Amino acid sequence: MRAFLAAALLCLDGAAFAQNVPVVGDAIPASLTGMPGDPARGRAIVLDRQRGLCLLCHSGPFPEERFQGDLAPSLAGAGTRWSEGQLRLRMVDGRRLNPDTIMPSYFSTEGLRRVGRAWQGRTVLTAEEIEDVVAFLVTLRD
Amino acid sequence: MNHPWTGPRLARVALLLAVAVFGPAAGPRSGFETMSPELRAMQQDDLANPGMLHVAEGEAQFQQQGCTACHSAEAMQGVAARYPAFDAARDGPIDLAGRIAQCREERQGRAPLPREGKEMLALSVFVAHQSRGLPLTPNPDPRMEFVRRQGEALFRERRGQLNLSCGQCHDDNAGRRLAGSLIPEGHANGYPLYRLEWQGLGSLQRRLRNCMVGVRSEPFAPGAAEYIALEAFLAERARGLVVETPAVRP
């Protein structure tokens, strides 16, 4: 039953889903997939400049990575500053906390204008990928 | 309708005040100033600046295409510094490439040159080069004011899957680094320019399309009115910077 629910949720696109994501305070406490993410896969997504895009704006504890951005706070210590649920909401749709944020909403297609044809109706990451990234970010303890 | 103490006029007064109080650093800063010394040297040395080959090509085209029947190169001085202009016939703004195309089609009765093609770029860079060193003095035609405001709205509008506006990077975060690249203020005072990333000469519209694709938005069609409105706003935003055409950029 639980697997079925998770599968049903995954079928919804980010826009429809994001509206139904249970936000509690400044967090989404529950996993988007009903399952925990994989931190190793999450790390790969964070470092991937075409998928996660994170290092375009953020730096982080990745000494092997050249050319990290400085438009946003370092990801180092993200897991001590924020809870898993807080990280999840910031990934899913940071506009809920700050409408002017420059951070893209990784799991929402709401209110976007002139989205390129190749990206229309698609969220930046899938629910599973969000969970992987969240699982990785909580491990960044210092 | 247009209250004198709102909008661009106020911004201009504020800018003048800022310059008076904080010195010239508060004014617009050309991307030239934040480039590496090597690239600056490349731009400044006409023998090293790859854009100068296109200027030479444009000079030849200017004669071959029959432009010299009406125009001298000297008469082109200052033209690029005040474009885009308002074109009464089309009742709308027109950019330099648009004017060259119009001249060719209406006065010479010849087929249009492709906007981003070698000949058009060469002609544009040759004409714009005649204004090198002159300050940008946006067209004072009052009908351009509406166009500039349209351009500013486009500049501030968030777009694409990544939901970013031009201003969020080039106003709010200029000087910071997007991955390894320093974000410039994004002034259009050197187009057409030679970009190392392109390994070639390109137009402002091409550069704007690059950013639009970068934020995963659908670029406007080449030659679209939106680009000309953006260009008109950018010219106002860069008022006072000198024309660098052909600029060199990373």
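Visitor: Is Asp95(B) buried or partly exposed in this model?
Guide: The model is a predicted one. The cut-off for a buried residue is under 20% relative accessible area. Asp95(B) has 5% relative accessibility, so Asp95(B) counts as buried.

Visitor: Which residue forms a salt bridge with Asp95(B)?
Guide: Asp95(B) lies in the loop between β2 (92-94) and α4 of chain B, and the partner lies in the loop between α4 (96-107) and α5, so the pair ties together parts that are 20 residues apart in sequence. The closest N and O atoms are 2.8 Å apart, and the residue is Arg115(B).

Visitor: Which residues of chain B are joined by salt bridges into one network?
Guide: Side chains of opposite charge can pair when their charged atoms come close. Here the salt bridges share partners, and the network consists of Glu145(B), Arg148(B), Glu236(B) and Arg239(B).

Visitor: How many residues apart are Asp46(B) and Arg132(B)?
Guide: These two residues form a salt bridge, with the closest N and O atoms 3.1 Å apart. Asp46(B) is partly exposed at 33% relative accessible area, and Arg132(B) is partly exposed at 34%. Asp46(B) lies in the loop between α2 (37-44) and α3 (51-64) of chain B and Arg132(B) in the loop between α5 (118-129) and α6 (143-156), so the pair links distant parts of the chain, at a separation of 86 residues.

Visitor: In the salt bridge between Glu129(A) and Arg51(A), how far apart are the closest N and O atoms?
Guide: Glu129(A) is buried, with a relative accessible area of 16%, whereas Arg51(A) counts as partly exposed at 34%. The closest N and O atoms of this pair are separated by 3.1 Å.

Visitor: Which residue of chain B forms a salt bridge with Arg117(A)?
Guide: Between chain B and chain A there are 2 salt bridges. In the one formed by Arg117(A), the closest N and O atoms are 2.9 Å apart, and the partner is Glu218(B).

Visitor: What area is buried between chain B and chain A?
Guide: The size of an interface is often given as the accessible area lost when the parts come together. At this interface 21 residues of chain B are in contact with 27 residues of chain A. In chain B, Gln161(B), Arg216(B) and Glu218(B) lose the most area to chain A, together 34% of what that side buries. Carbon and sulfur atoms give 52% of the total buried area, which is about 2,100 Å².

Visitor: How many residue pairs are in polar contact between chain B and chain A?
Guide: The count includes pairs in which both residues have pLDDT 80 or more, and it comes to 13.

Visitor: Which strands stand at the edges of the open sheet in chain B?
Guide: The sheet has 3 strands in the order β6-β5-β7, with mixed pairing. Strand β5 (residues 193-195) runs parallel to β7(B), joined by 2 bridges. Each edge strand has a single partner, so one side of each is left without a neighbour in the sheet; they are β6 (200-202) and β7 (248-249).

Notes
Residues are numbered from 1 along each chain as its sequence is written. Chains are lettered from A and ligands numbered from 1 in the order in which they are written. This is a predicted model: local features need pLDDT of at least 70, side-chain atom pairs count only at pLDDT 80 or more; totals for chains, interfaces and linings use all residues. Side-chain values use heavy atoms; hydrogens and water are left out. Contact means heavy atoms within 4.5 Å. Buried area is the accessible area (1.4 Å probe) that two parts lose on being put together, summed over both. A salt bridge is a side-chain nitrogen of Lys or Arg within 4 Å of a carboxyl oxygen of Asp or Glu. A polar contact is a pair of N or O atoms within 3.5 Å; within protein, one must be able to donate a hydrogen and the other to accept it, and residues adjacent in sequence count only if both atoms are side-chain atoms. Two strands pair if DSSP finds at least two bridges between them. Helices (H or I, at least four residues) and strands (E, at least two) are DSSP runs, numbered from the N terminus. Buried means under 20% relative accessible area, exposed over 50%, partly exposed in between (1.4 Å probe, protein chains only).
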